[in-house]
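Please keep the sequence and the coordinates open while reading.

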Amino acid sequence: MFARTLRLYRNAYSGLSPSTWLLAVVMFINRCGTMVLPFLTLYLTQHLNFTVAQAGIVMAIYGTGAFVGTFLGGRLTDRFGFYPVQLLSLAASGVFLLGLQFVTDFYAICLCSFLFTMLGDTFRPANSAAVAHYSQAVNRTRAFSVNRLAINLGWSVGGGLGGYLAGIDYSLLFWVDGLTCIAAAIVLRIFLPPPAADSVVKIPAVSETTVTPTVQASPYRDRPYLAFVTCVLLYATSFMLLFSLVPLYFKQELRLNETEIGLLMTMNGLLIVGVEMAMVYAIERRYAHRKVRIISVGVLLTGLSYAVFFAGTWPVIALFCMLLTTAGEMLSHPFFQAFAVERSTPQNRGQYLALHSMAFALAQVLSPALGSQVVALAGFPMLWMVATGLCLVSAAGFWRLSGRMTTVKTPAPEMA
């Protein structure tokens, strides 16, 4: 049994290109410095003396910037290629963060928060397109899982270090966050040279674009994919509660303290790091052609994670919630991006990936805003009912789409 498990893990991490691993290193460096966002509300209210309402407006604008940034990132990636978009996004957002600490006016903070996230989130679709470029169809989902592994490791380091630095001086958060963005750009430029010009597919003129029977030249005219993204949005709106109102429920209703809540969040990241790659490898070997159905199962598990809150208010309920949420996340998130790549062609890949990221960016705005209103009007039980319902509708939508959606095979492998 031990030998079989060891072989499974060895196979899960093998076969990925060095460029894929380097992209993961860049992502890890970048996420290690992600400290401003988790503490932004505290910074605004405690350091700049903004009201809670003002802080909420800034966070909503922050999310709006992410939405616009992912849209622009997809367009720019298809126009100029993933490499310059990643490089400029990392460098520009790093410089912007260093300057953001000196802005104190409310309206200026709103404008700067929008511009910062708009610049920073152009990185998302470009990075996803890069992962797709440096991987092959047989290991693409695992390549995205490696990136998620780097993100979760980086969040774990950045979150802990950020709390320590915030206790000393909030300005340190901006310095470390900004400098790690710039460091990630430097590592990308030095260790991963730009791809050869003939390996980057330029988007042709409209008159030259070939539209296949299953995939449109633009994802915005691909109706089945738009239905897919709608299901992603429903799921993401529910999932994002994990970072806003679920911790509040753990504190107020389940009587957990901050340390216990932090440990549960850490458990989520560690399980993803320790299990996801092997799980994805084992599943994809047999069910690679059923990605959307796998997603449906993952979304259903996330819905069940909220349904367990109806079992009572014992602290152990929080553990069951996190275990189900983590399992659902591992069975859905890597396959979201892998499916978007397979559904697209190299000419429109950035826009397909951006549309997926835009669903999560929009959910980042909608989830806390609408969720808090539901709690204020009807309490937490109604919120969990709505969250479970969103996941059930989303899972049913994915399952229905799984029998109708096809993917397009690229004409040649894109291995670097």
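Leaving out residues up to four places away in sequence, Ile29 touches Thr180, Ala183, Ala184 and Val187. Ile29 itself belongs to helix 2, which covers residues 18–32. The model discussed here is a predicted one, and the separations and contacts in this report are to be read with that in mind. Although Ile29 and Gly154 are 125 residues apart along the chain, their C-alpha atoms are separated by 6.9 Å.

Gly154 is placed in helix 8, which runs over residues 140–168. With a relative accessible area of 0%, Gly154 is buried, since the cut-off for that term is under 20%. The C-alpha atom of Gly154 is also 7.4 Å from that of Asn30, a residue 124 places away along the chain. When residues up to four places away in sequence are not counted, Gly154 touches Phe28, Arg31 and Cys32.

## Confidence of the model

Averaged over the chain, pLDDT is 85, and 91% of the residues score at least 70. Two stretches call for caution. Over residues 200–213 pLDDT stays under 50, and the model has 16 contacts beyond four places in sequence for this stretch. Over residues 407–416 pLDDT likewise stays under 50, and here the model has 27 contacts beyond four places in sequence.

## Helices 6 and 7

Helix 6 (residues 106–121) and helix 7 (residues 123–133) pack with their axes 5 Å apart and at an angle of about 10 degrees. Because angles under 35 degrees count as roughly parallel, helix 6 is roughly parallel to helix 7. On the side of helix 6 the contact is made by Leu119, Gly120 and Asp121, and on the side of helix 7 by Phe123, Arg124 and Pro125.

How many of the 11 residues of helix 7 are buried? The count is 10 of the 11, so helix 7 is largely enclosed by the rest of the structure. The buried residues of helix 7 are Phe123, Pro125, Ala126, Asn127, Ser128, Ala129, Ala130, Val131, Ala132 and His133.

## Helix 13 and its partners

Two packed helices are described by the angle between their axes and by the distance between those axes. For helix 13 (residues 291–307) and helix 14 (residues 316–330), the angle is about 165 degrees and the axes are 7 Å apart. Helix 13 is therefore roughly antiparallel to helix 14, given that angles over 145 degrees fall under that description. The crossing in which helix 13 passes helix 14 is left-handed. In this packing, Gly298, Leu301, Thr302, Leu304 and Ser305 of helix 13 meet Cys321, Leu324, Thr325, Ala327, Gly328 and Glu329 of helix 14.

Helix 13 also packs with helix 10, where the axes come within 10 Å and cross at roughly 25 degrees. Helix 10 and helix 13 are therefore roughly parallel to each other, and their crossing is left-handed. The residues that make this contact are Phe228, Tyr235, Ser238 and Phe239 from helix 10, together with Val292, Ile295, Val299, Thr302 and Tyr306 from helix 13.

## Thr237 in helix 10

Thr237 lies in helix 10, which spans residues 223–239. Is Thr237 buried or exposed? Its relative accessibility is 14%, so Thr237 counts as buried. The side chain of Thr237 reaches the backbone oxygen of Leu233 at 2.8 Å, and, apart from neighbours within four places in sequence, Thr237 is in contact with Ala363, Ser367 and Leu390.

## Two loop residues with positive phi

Most residues other than glycine have a negative phi. Asn49, however, has a positive phi of about 60 degrees although it is not a glycine. Asn49 is found in the loop between helix 3 (40–47) and helix 4 (52–80), and with a relative accessibility of 62% it counts as exposed.

Arg255, which is not a glycine, has a positive phi near 60 degrees. Arg255 lies in the loop between helix 11 (245–252) and helix 12 (258–287). Because its relative accessibility is 67%, Arg255 counts as exposed, the cut-off for that term being over 50%.

Notes:
Residues numbered from 1 in each chain as written. Predicted model: local features only at pLDDT ≥ 70, side-chain atom pairs only at ≥ 80, totals over all residues. Heavy atoms only, no water. Helix = DSSP H or I, 4+ residues; strand = E, 2+ residues; numbered from the N terminus. Buried < 20%, exposed > 50% of the residue type's maximum accessible area, 1.4 Å probe, protein only. Polar contact = N/O pair within 3.5 Å; in protein donor to acceptor, adjacent residues only side chain to side chain. Contact = heavy atoms within 4.5 Å. pLDDT = per-residue confidence, 0-100. Axes fitted to C-alpha atoms, helices over the stretch in contact; angles between N-to-C directions. Parallel < 35°, antiparallel > 145°, perpendicular 65-115°, else oblique. Left-handed = near helix turned anticlockwise from the far one by under 90°.
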